Amino acid sequence: GTVYYPENYSGAAFWFPPGVEPDSDLVMDTLRQTISKEHQTKVFSLLEEMSKFHPGEPHWYLGILGVDPAQQNRGYGSELIRDILNLCDRRGQLAYLESSNPANIAFYEKHGFEVINEIQTSSSPTISAMMRYPSERSI
C-alpha cells in the first residue's frame, strides 16, 4: 500500500513507512553480484555515508520517485507524493529522501523538503539528503 502510480502508469513512487527499511542484506547481496569488485568499495562507502543522514525518529522514506521523461512536467510527480506528504502533515511525521539529480532539488523544495546535507565520496555524484518536516497546511 505504499507504492503509488498514476492511472496511465507514467511513473511510480516507492515509499517506506515509519519502521520499515529496505532489506539491506538483499540490497548488499545484489550489489555484490552486479557491481564489479573494483567499484564495490566506492559504492559501499557511499551507502554507508548516506545511512548517516537517515532520521533516527520515525519517518517516511521516499526510496524511488520516477516519471517517464515524455510525461514529465504534467503534475505526475506531485500526484505521486501528495498523499504521503498529506499523511505526514496530519500525523506530524517526517519525510526523507536522497536525490542524486540536482535538477530535482527545486521540485522537492516546492513540496517542503530542505537539503540537510550533501553527500559525496570518492568520485560519486553529489547526493542531496533532504528532509521534510510536517506542515500545518496540506499539499
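1. Strands β4 and β6 are paired in the antiparallel sense, with 5 bridges between them. Here two strands count as paired if DSSP finds at least two bridges between them, and helices (H or I, at least four residues) and strands (E, at least two) are DSSP runs numbered from the N terminus. Serine 99 has serine 128 as its bridge partner in β6. Strand β5 also joins β6, through 6 bridges and in an antiparallel arrangement; within β6, isoleucine 127 is the bridge partner of isoleucine 119.

2. A word on the source of the model. The model is predicted, so local features need pLDDT of at least 70 and side-chain atom pairs count only at pLDDT 80 or more, while totals for chains, interfaces and linings use all residues. Residues are numbered from 1 along each chain as its sequence is written, and side-chain values use heavy atoms, with hydrogens and water left out.

3. Strand β6 is mostly covered, since 6 of its 6 residues are buried; buried means under 20% relative accessible area, exposed means over 50%, and partly exposed lies in between (1.4 Å probe, protein chains only). In a regular strand the side chains alternate between the two faces of the sheet. In β6, Ile127, Ala129 and Met131 point one way, Ser128, Met130 and Arg132 point the other way, and all are buried.

4. The largest nonpolar core contains 18 residues, and Trp15, Leu62 and Phe113 have the most contacts inside it. Such a core is a set of buried Ala, Val, Leu, Ile, Met, Phe, Trp, Tyr and Cys residues joined through side-chain atoms within 4.5 Å. At least two residues of this core come from each of β2 (11–16), β3 (59–67), α3 (76–91), β4 (94–99) and α4 (105–110). Helix α3 gives the largest share, 7 residues.

5. Which residues does tryptophan 15 touch? Leaving aside residues up to four places away in sequence, tryptophan 15 touches Thr2, Tyr4, Trp60, Tyr61, Leu62, Leu80, Ile81, Ile84, Leu85 and Ala95, where contact means heavy atoms within 4.5 Å. There is also a second, separate core of 9 residues, with Leu46, Leu94, Ile119 and Met131 among them.

6. The structure holds 3 salt bridges, a salt bridge being a side-chain nitrogen of Lys or Arg within 4 Å of a carboxyl oxygen of Asp or Glu. Side chains of opposite charge can pair when their charged atoms come close. One of these salt bridges joins the side chains of arginine 132 and aspartate 89 (2.9 Å, N to O). This pair links distant parts of the chain, with arginine 132 in strand β6 and aspartate 89 in helix α3, 43 residues apart. Arginine 132 and aspartate 89 are both buried.

7. Another salt bridge is formed by aspartate 29 and arginine 32 (3.4 Å, N to O). Both residues lie in helix α1 (residues 24–34), 3 residues apart, about one turn of the helix. Aspartate 29 counts as partly exposed because its relative accessibility is 39%, and arginine 32 is partly exposed at 42%. Glutamate 49 and lysine 52 also meet in a salt bridge (3.0 Å, N to O); glutamate 49 is partly exposed at 24% relative accessibility, whereas lysine 52 is exposed at 54%.

8. Is threonine 121 buried or exposed? Threonine 121 is buried, because its relative accessible area is 12%. This residue belongs to the loop between β5 (113–119) and β6 (127–132). Not counting residues up to four places away in sequence, threonine 121 touches Lys42, Ser45, Leu46 and Glu49. Of these, serine 45 lies in helix α2 (residues 37–51) and is partly exposed, with a relative accessible area of 34%.

9. Most residues other than glycine have a negative phi. Tyrosine 9, in the loop between β1 and β2, has a positive phi of about 55 degrees although it is not a glycine. Asparagine 73, in the loop between β3 and α3, likewise has a positive phi, near 65 degrees. Tyrosine 9 is exposed, with a relative accessible area of 61%, and asparagine 73 is exposed, at 83%.
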